[in-house]
Amino acid sequence: MAATGTTASTIPDFDRPAQLKAFEETKARVKALADAGVRRFFDQDVEVKKRFYTRDHTKPVIYNSNFDLFTSPSANWRDTFISFMAPSPPPPEELPEVCRDIQIEYSKEVMKLGRVLFQLISEALKLNPNYLGDLDCDKALAFAGHCYPACPQPDLTMGATKHTDDGFITVLLQDEIGGLQILHDQQWVDVPPTPGALVVNIGDLLQMISNDKLKSVEHRVVANEKGPRVSVACFFSTSLAPSTKVYGPIKELVSNENHRVPRNHRL
């Protein structure tokens, strides 16, 4: 499913300083720049992208089609490149040149947003605002750029099959094509793209430590005859960093009325 295109040096209007200047002038442009950066990566010639193709998760950039290709019963209509941007980001020169500056700046902004989101979630759980931050929920981030090529027979496949995210939260930027759906009351509901908005999903780890007060959302992406559709998913999960920490339900959220859900998660 890897699409061919032009090389980085021949992409029209690729002006990195101008893009970064636009980033500084308005935060609203951050999302547009991230979208453009992901598109530029996938628009490169296949020979350029081939340098990053790997299934070795120790590499600074992992580019492939279907990370679970050899374990899943079916393949998704999607290509992905992913980098672990925190707490120990790769050297800039190891990121794809065509989008490295945007990727670095966008990741920094998402980290700032994550700190605010975890403070708000802590308060919503009637905890100290810094509670989840003190548990390192906001310390590790993976940046994933997804490309869903136009599909000639979308009824025969999926862009991404039904799943939940295994981390704390996921911050998702989707383009105008759409295709994201969530499972609500056993019905698939469209999550149409809203200009200037981000989607925030609760993950499995946050459901577990909140003692099921927050629910990890099942979601999928349908294939589309239009495309390519691109999205940027930023995953907050301490499983991305070496740790011996054991997570379980937060004791303040366990009571006689709210019994402890019996599970722990070692990272």
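How many aromatic pairs does the count come to? The count comes to 12 aromatic pairs, where rings of Phe, Tyr and Trp (its six-membered ring) pair if their centres lie within 6.5 Å, and planes under 30 degrees apart count as stacked, over 60 as edge-to-face and the rest as tilted. In one of these pairs, the ring centres of Phe42 and Phe81 are 5.7 Å apart and the planes stand at 55°, so the pair is tilted. Because Phe42 belongs to helix 2 and Phe81 to strand 2 (residues 79–86), the pair ties together parts that are 39 residues apart in sequence.

The model is predicted, and for this reason local features need pLDDT of at least 70 and side-chain atom pairs count only at pLDDT 80 or more, while totals for chains, interfaces and linings use all residues. Residues are numbered from 1 along each chain as its sequence is written, and side-chain values use heavy atoms, with hydrogens and water left out.

Helices (H or I, at least four residues) and strands (E, at least two) are DSSP runs, numbered from the N terminus, and two strands pair if DSSP finds at least two bridges between them. Strands of a sheet pair through backbone hydrogen bonds, either parallel or antiparallel. An open sheet is formed by 6 strands in the order 1-2-3-10-5-8, with antiparallel pairing. Strand 1 (62–64) and strand 8 (199–202) each have a single partner strand, so one side of each is left without a neighbour in the sheet. From one strand to the next, the twist averages 20°, with axes taken as lines fitted to C-alpha atoms, for helices over the stretch in contact, and angles running from 0 to 180 degrees between N-to-C directions. Within this sheet, strand 3 (residues 141–148) and strand 10 (residues 229–236) pair in the antiparallel sense over 8 bridges, and Gly145 stands opposite Val232 in strand 10.

A further open sheet has 4 strands in the order 4-9-6-7, again with antiparallel pairing. Its edge strands, strand 4 (158–163) and strand 7 (187–190), each pair on one side only. Neighbouring strands here are turned by 30° against each other on average, direction ignored. Strand 6 (residues 180–184) pairs with strand 9 (residues 219–222) in the antiparallel sense over 3 bridges; the bridge partner of Leu180 in strand 9 is Val221.

Helix 4 (residues 100–124) has 25 residues and reaches 35 Å from its first C-alpha to its last, close to the 36 Å expected at 1.5 Å a residue, the expected span being 1.5 Å times one less than the number of residues. Lys126, which follows helix 4, has a positive phi near 60°.

On a 1 Å grid over the protein atoms alone, a cavity is a set of points where a 1.4 Å probe fits but cannot get out, and a pocket is an open set with protein on both sides within 12 Å along at least five of seven lines; lining residues have an atom within 4 Å of a point. The whole structure contains 4 cavities of 30 Å³ or more, and the largest cavity holds about 60 Å³ of space. Its lining includes Trp77, Tyr148 and Arg229. The second largest pocket has a volume of about 230 Å³. Among the 15 residues that line this pocket, Gln174, Thr194, Pro195, Gly196 and Ala197 are the closest to its centre. Helix 2 gives the largest share of the pocket lining, 4 residues.

Notes: Grid points are joined across faces, edges and corners, and a volume is the space filled by probe spheres set on the points.
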